[in-house]
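Below is a short report on one helix and a few strands. Look through the sequence and the structure before reading on.

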Amino acid sequence: MAGAPSGPRPEGATGADGDAEATDDFELPGVPDSFQRLWTPYRMAYIKAGQQQVTDEHSCPFCRAPERSDEESLIVHRGETAFVVLNLFPYNPGHLLVCPYRHVPNYTDVTVEETAEIAALSQHAMRVLRRTANPSGFNLGMNQGTTGGAGIAAHLHQHIVPRWGGDGNFFPIIAQTKAIPATLADVREQIAGAWDTV
Ligand SMILES: [Zn+2]
């Protein structure tokens, strides 16, 4: 930089005039700006995992999930032909997915029995969420194909999203970010614990 002082500087220092004053109470270096920070180290798991391409059962998280414990996979209930799991990428706390065990992509691929159980589990999930979280509304739906918005198009899953008045804030609009005020493990425990009492 033209006009900047030469010579060694501490690593990370910018050398600009006035930066020496930009320290916090711990006298750590930093340059304040107008942005707030949400510190979300737990999201590193998603960043490291990346957006894997799901092609078959072996790379499919919905196929792998039932092989692990409920706690590890965030499963809240296992049915005969389908199971209910928390979405790792929740729109709201308690965002559930109802999935057939079979690795099939389309709603037209499921059998009559699977269709009936997916419907029954969806209804029951709504009753449980009403009991545990008292939402004022729900969004239910299946995104079909990547064009239809499915994150994992290869394995059918029905979204159940509890809604509360005012739950949409500016984050998703300006920053593609959702603030979720509860951990997945806590929410799983609440819903799984209430499943057989409703
Ligand atoms: Zn699958």
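Val84 has Val98 in strand E3 as its bridge partner. This is a predicted model: local features need pLDDT of at least 70, side-chain atom pairs count only at pLDDT 80 or more, and totals for chains, interfaces and linings use all residues. Residues are numbered from 1 along each chain as its sequence is written.

Helices (H or I, at least four residues) and strands (E, at least two) are DSSP runs, numbered from the N terminus. Strands pair if DSSP finds at least two bridges between them.

| Strands | Sense | Bridges |
|---|---|---|
| E2 and E3 | antiparallel | 5 bridges |
| E3 and E5 (residues 158–163) | antiparallel | 3 bridges |

In E5, His159 is the bridge partner of Leu97.

Leu96, Val98 and Pro100 lie on one side. Leu97 and Cys99 lie on the other. In a regular strand the side chains alternate between the two faces of the sheet.

Now helix H6, residues 184–194. Val187, Arg188 and Ile191 are buried there. They share the same side of H6 because they cover an arc of only 100° around the axis, taken from the directions from the helix axis to the C-beta atoms. On the other side, Ala185, Asp186 and Gly193 are exposed.

What do the buried residues of H6 pack against? They pack against strand E1 (75–78), strand E2 (82–86) and helix H4 (112–133). Contact here means C-beta atoms, placed from the backbone, within 7 Å.

How values were computed. A residue is buried if 20 or more other C-beta atoms lie within 10 Å of its own, exposed if 12 or fewer, and partly exposed in between; C-beta atoms are placed from the backbone. Two residues are in contact if their C-beta atoms, placed from the backbone, lie within 7 Å.
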